[in-house]
Amino acid sequence: MLENRRLVIQGLFIFVGLIFLIKLFALQVVDKTYQLKADRNIIHTITEYPFRGLMYDREKRLIVYNEPIYDLMVVPRDLYIGDTAEFCQLFDITEEQFRTNLQKAKEYSGVKPSALLKKIPHEKYAQIQDHMYKYSGLYVNPRTVRRYTKPILATQVGYIGEVSQRDLDRDTTNYYKSGDYKGLTGLEQYYEKALRGERGESRKLVNVNGIEKGSYKNGELDIPSVPGKNLITTIDLKLQSYAEKLMAGKRGSLVAIEPSTGEILAMVSVPSYDPNQLSGKNFGKYFEQIKNDTTGPLLNRAIQAKYPPGSIFKTVQALIALDEGVIKPNEPIIVDRLRLGDHAPLGPYDVARGIEFSSNNYFWEVMRRTVNQNVSSSKFTDTHIGLDKWAEAVRRFGFGSPLGLDIPGEIGGTVPDAEFYHKKYPREKGSWAYSTIYSLSIGQGELEVTPLQVANLAAIIANRGYYVTPHLVKAYEENGEITELEYEKHYTGRGDEYYPAIVEGMVRAVKKTAGRAVIPDIPIAGKTGTAENGVKNESLDHSVFMAFAPADNPKIAIAVYTENAGWGGGASAVTASLVIEKYLRGYIKETWAKREDYILNKKYLIGLQQEN
């Protein structure tokens with residue numbers, strides 16, 4: 001019995017001993033953890049930031065790309081620098097900046113890595129990487145920053161910036177972390193989810209001197225990042241560059257659209273800025289300067305500036321009246337008295353002649369017939385009912401609300417209806433009539449539109465009654481595969497049989513009121529306009545021109561607003577015709593090249609005449 005007990009106890013000791021031997025073997029031979037600690041190596045989990053998607057123009061020319069930068073990460077508990085002055089000189093910072101940044105890192109965590117210095121350029125990192133062995137508790141985290149091939153498209157492309165605490169609080173997906181970057185404006189913001197990709201993680205062995213010694217466990221625990229999708233935009237980069245050249249030094253905007261698809265070929269807003277200024281380390285240096293510029297370079301005038309449409313809106317009045325059947329294309333309407341100031345002569349007008357001469361008094365009568373259709377014996381009630389019907393028709397042309405452009409910030413303008421005037425004249429509610437609102441007939445009064453909406457109107461007429469939602473991105477590219485995006489088609493009226501009269505009037509209007517814009521071998525259908533600037537002591541109103549070409553087979557529709565340039569047949573019409581010729585022909589004929597001098601040298605500011 002005692003012998004059996006002795007054997008059991010001996011066996012128990014042998015079993016425990018074997019367990020200890022196996023454990024020691026595992027710790028010392030199989031598991032390298034303690035060896036790593038003995039060698040004072042550190043395992044760092046490094047965020048692998050994905051390559052943000054690139055942006056191309058419609059011909060696959062590069063617009064936006066990525067450039068590598070580096071964040072210098074610090075683990076305060078392990079930090080050893082030695083000569084602080086030498087360190088600061090190496091990294092081009094002051095000792096005060098160093099102490100401030102280090103204190104922020106300590107407040108975040110003594111043992112977790114955080115950024116000591118951000119956005120170190122690639123060239124600078126090449127200079128400092130050989131000195132990293134001198135310091136402990138530091139390592140470099142690579143990432144990218146946006147760069148732009150040309151100093152154009154600033155407000156359209158947009159910029160990226162570091163996420164704020166507000167962004168983090170509102171991020172229901174918990175994707176973003178402190179120190180991340182995201183699109184803040186333009187295409188960068190609208191297509192953020194597609195462009196950003198998916199971040200990954202890698203675990204690296206880093207020794208006490210911050211020198212990387214390889215992947216931990218051969219990268220078995222690493223999560224690869226997924227690059228963002230590339231955007232293929234609708235922009236013609238060459239045309240955009242040319243349009244920005246023509247608009248340089250002015251205030252205003254230009255929008256060119258391919259009518260059949262709604263693709264925006266060029267979108268200019270001036271004044272502007274070089275988008276490279278808001279990239280990388282330059283952001284903090286230039287943002288406040290650009291933001292506080294009184295000329296408003298951050299404002300995308302093409303979609304965020306509101307103007308009275310002026311005479312270009314007469315085409316809409318004609319189309320609504322034709323659709324309502326209150327006029328006919330060739331019906332003569334006798335203008336025998338001046339209810340409005342007018343440069344057009346008295347006499348008979350049909351639709352084409354009314355547009356050609358831009359007759360204020362003809363369109364006074366056209367809108368009156370649309371609004372006052374005698375549905376009520378009260379002229380007041382009749383006007384209220386008619387105006388609501390008119391406003392609904394105007395909205396079908398894309399006015400009064402955003403068109404749905406794929407960048408944030410688009411405004412809708414103003415289309416007044418009966419409720420609008422009830423609020424404007426509260427003491428006289430129910431007692432206003434057509435005599436109160438007739439200025440709408442010539443695109444003045446309370447009407448407000450954006451240049452994008454006017455370019456879209458040109459596209460509607462070019463298409464003879466419909467438009468496709470204007471857009472700046474036509475496709476995604478991912479892993480070499482192209483995914484085309486689809487956009488909605490919108491019809492604006494009941495028919496298209498009366499569009500030839502509108503187009504004929506616009507062709508004749510260009511020849512009559514915008515002679516400098518005429519291109520003999522490219523028929524242009526267009527309409528000049530003048531938008532009141534609404535500012536006292538400004539000598540000139542805004543020059544407006546919309547057009548499409550060729551008139552019989554349109555490939556481009558365009559609107560140009562040049563602020564404080566006066567007559568629409570001057571600055572804006574000539575700019576539009578140059579852009580049209582550049583797009584359709586690919587170059588400007590030498591015999592007509594003097595029009596460039598007219599625009600680039602601002603000769604249109606001299607000797608302006610009033611619009612007919």
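# Sheet and ring pairs in a predicted model

Five strands make up an open sheet in the order β12-β11-β21-β20-β19, with antiparallel pairing, where two strands count as paired if DSSP finds at least two bridges between them. Strands (E, at least two residues) and helices (H or I, at least four) are DSSP runs, numbered from the N terminus. This is a predicted model, in which local features need pLDDT of at least 70 and side-chain atom pairs count only at pLDDT 80 or more, while totals for chains, interfaces and linings use all residues. Residues are numbered from 1 along each chain as its sequence is written, and side-chain values use heavy atoms, with hydrogens and water left out.

**The sheet and its helices**

- Strands β12 (263–270) and β19 (525–531) stand at the edges with a single partner strand each, so one side of each has no neighbour in the sheet.
- Strand β20 (residues 542–549) is joined by 7 bridges to strand β21 (residues 556–562), and the two run antiparallel; Ala547 has Ile558 in β21 as its bridge partner.
- Helix α19 (residues 451–462) lies across β11 (252–258), β12, β20 and β21, and runs at about 150° to β21; here contact means heavy atoms within 4.5 Å, and axes are lines fitted to C-alpha atoms, for helices over the stretch in contact, with angles from 0 to 180 degrees between N-to-C directions.
- Helix α21 (residues 571–585) also lies across β11, β12, β20 and β21, running at about 150° to β21.

**Aromatic pairs**

- A search of the whole structure finds 22 aromatic pairs, meaning rings of Phe, Tyr and Trp (its six-membered ring) with centres within 6.5 Å, called stacked if the planes are under 30 degrees apart, edge-to-face if over 60 and tilted for the rest.
- The ring centres of Trp364 and Tyr434 are 5.3 Å apart with the planes at 70°, so this pair is edge-to-face.
- This pair links distant parts of the chain, since Trp364 in helix α15 (residues 360–371) and Tyr434 in helix α18 (residues 434–437) are 70 residues apart.
- Both Trp364 and Tyr434 are buried, where buried means under 20% relative accessible area, exposed over 50% and partly exposed in between (1.4 Å probe, protein chains only).
- Phe420 and Tyr421 form an edge-to-face pair, 5.3 Å centre to centre with 80° between the planes; Phe420 is partly exposed at 29% relative accessible area, whereas Tyr421 is buried at 0%.
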